[in-house]
Structure formats: C-alpha cells, structure tokens
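Thanks for asking me to look this one over.

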Amino acid sequence: MNCLILQGSPRPQGNTASLTAVFADEFVLRGGNCREIRLFEKEIHPCTACRSCQQDWSAFGCVCHDSMDEIAPLVLACDLLVLASPIHSWYCTAPMKAALDRMVYGFNKYYGARRGPSLWKGKRVALIATCGYPPDRGADLWEQGVRRYCRHSGLRYEGLLVERHLSYDRPFFDPEKEAHARAFAAKLFSDG
C-alpha cells in the first residue's frame with residue numbers, strides 16, 4: 001500500500017513533522033510504502049479559477065507549471081493521501097490550502113461547459129494536525145472543510161489525528177503522542 005503525505009508545516013523539525021515521522025515509520029513497519037512531500041519547500045501557486053484544467057478530462061491539466069506538476073501524479077498513484085498541517089488561524093497553512101485548491105479543480109472536472117468525472121474518486125484521505133487550542137476548537141474547522149471537500153470530490157475520508165501543543169515553553173512530543181500516531185497509522189494500514 002502506498003501512502004503519500006503532503007506536509008504543510010513551515011518547520012522541518014516542528015510538531016507536525018514529529019507526528020508524520022512516527023506515522024510514516026509505523027506505516028512502513030507494517031509493510032507499506034510512505035513518501036512525504038514538504039509543501040513549504042515547493043513552489044505552489046494559488047489557483048486562479050481560469051478553468052483551463054477543465055478542457056482535458058483525462059489529466060490534471062493545470063496551465064500553471066510549478067511543483068503541482070510533480071505532486072499531482074503522485075496523488076493519483078497513492079492508495080492513501082495524508083494531509084498534515086499545523087493549524088494557523090483555525091485552518092491549514094497557506095501552501096496546503098493552495099495545493100487543496102489546485103487539486104479540487106485539477107482532479108474534479110465539474111467546472112467546464114459540461115460536468116465531467118472526478119479523476120481521484122474513491123481515494124482515501126486522512127488528516128494529521130497540530131494546534132494550540134483544544135482539538136474540538138482548534139482543528140475542527142479544517143476537518144469539517146476537508147470532510148466537505150471529500151464528499152464533493154468523491155474521496156473517502158478516513159479520519160483525523162490531532163495533537164495539541166500546550167505551550168511554547170513545554171516540549172510537544174511525548175510517548176502518548178507517539179502511541180497515537182502509531183495507532184493511527186496501524187488503523188489506516190489495516191483498513192486499506
């Protein structure tokens with residue numbers, strides 16, 4: 001089983017990275033393959049809603065050539081797509097939002113003169129989030145948005161792992177968070 005993690009944290013060694021590293025380790029230990037792409041290291045322009053991508057129903061087809069040219073085929077090829085982001089202002093980071101916007105148009109051929117297919121219909125999607133607020137008031141809006149995004153695109157929403165950072169003067173990662181990340185990976189692997 002192939003897992004692709006789109007990681008939206010600006011910090012390569014930050015809280016979100018600590019969770020995705022353990023998640024990926026457990027996924028691989030169970031026999032899967034896991035690849036992580038750090039979106040802050042990529043060039044991802046925002047969608048301009050030009051709808052040029054709607055002309056070809058067989059491909060992603062965006063006229064904006066940037067890192068999404070590399071990412072889009074990997075998304076289509078994976079069995080499980082994990083979107084990982086710290087929560088900034090109650091939603092994912094800007095590079096993650098840009099990627100989500102580009103994918104919803106590029107993979108869903110709903111917006112042209114005629115309604116076309118969803119190129120990624122049935123793909124499994126899960127979330128990993130870190131936030132400073134209690135999860136029910138920190139990551140809830142992003143989860144709700146992605147649930148709607150999945151329904152719209154015909155994707156299978158598989159759940160959310162969210163961990164809270166209580167204070168900048170306290171360590172984030174601990175054995176409990178590690179156990180949660182490993183259990184989440186194990187569940188997603190076995191459900192696949």
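This is a predicted model: local features need pLDDT of at least 70, side-chain atom pairs count only at pLDDT 80 or more; totals for chains, interfaces and linings use all residues.

1. Start with the largest nonpolar core, which has 38 residues. Leu6, Val75, Leu81, Leu83, Met103 and Trp142 are the members with the most contacts inside this core. At least two core residues come from each of strand 1 (2-7), helix 2 (68-77), strand 3 (80-86), helix 3 (94-107), strand 4 (124-131), helix 5 (140-153) and strand 5 (156-164). Helix 3 gives the most, with seven residues.

2. Setting aside neighbours within four places in sequence, leucine 6 is in contact with Ile37, Leu39, Ile71, Val75, Leu81, Val82, Leu83, Ala84, Met96 and Met103.

3. How many of the 14 residues of helix 3 are buried? Ten are, so helix 3 is largely enclosed by the rest of the structure. The buried ones are Pro95, Met96, Ala98, Ala99, Leu100, Arg102, Met103, Val104, Gly106 and Phe107. They pack against strand 1, helix 2, strand 3 and helix 5.

4. The length of helix 3 agrees with expectation: at 1.5 Å a residue, its 14 residues should span 20 Å, and its end C-alpha atoms are 20 Å apart.

5. Next, look at how helix 2 and helix 3 pack: the angle is about 65° and the axes are 11 Å apart. Their crossing is right-handed. On the helix 2 side, Met68, Ala72, Val75 and Leu76 take part, and they meet Ala99, Arg102, Met103 and Phe107 in helix 3. By type, the residues of this contact divide into seven nonpolar, no polar and one charged.

6. Last, a residue in helix 6 (residues 175-191): lysine 177. Is lysine 177 buried or exposed? Its relative accessible area is 11%, and because buried means under 20%, lysine 177 counts as buried. Leaving out neighbours within four places in sequence, lysine 177 is in contact with Leu19, Glu163, Arg164 and Phe172.

Notes
Residues are numbered from 1 along each chain as its sequence is written. Side-chain values use heavy atoms; hydrogens and water are left out. A nonpolar core is a set of buried Ala, Val, Leu, Ile, Met, Phe, Trp, Tyr and Cys residues joined through side-chain atoms within 4.5 Å. Buried means under 20% relative accessible area, exposed over 50%, partly exposed in between (1.4 Å probe, protein chains only). Helices (H or I, at least four residues) and strands (E, at least two) are DSSP runs, numbered from the N terminus. Contact means heavy atoms within 4.5 Å. Axes are lines fitted to C-alpha atoms, for helices over the stretch in contact, and angles run from 0 to 180 degrees between N-to-C directions. A crossing is left-handed if the near helix is turned anticlockwise from the far one by less than a right angle, and right-handed if clockwise. Ala, Val, Leu, Ile, Met, Phe, Trp, Tyr, Cys and Pro count as nonpolar, Asp, Glu, Lys and Arg as charged, and the others, Gly among them, as polar. The expected span of a helix is 1.5 Å times one less than its number of residues.
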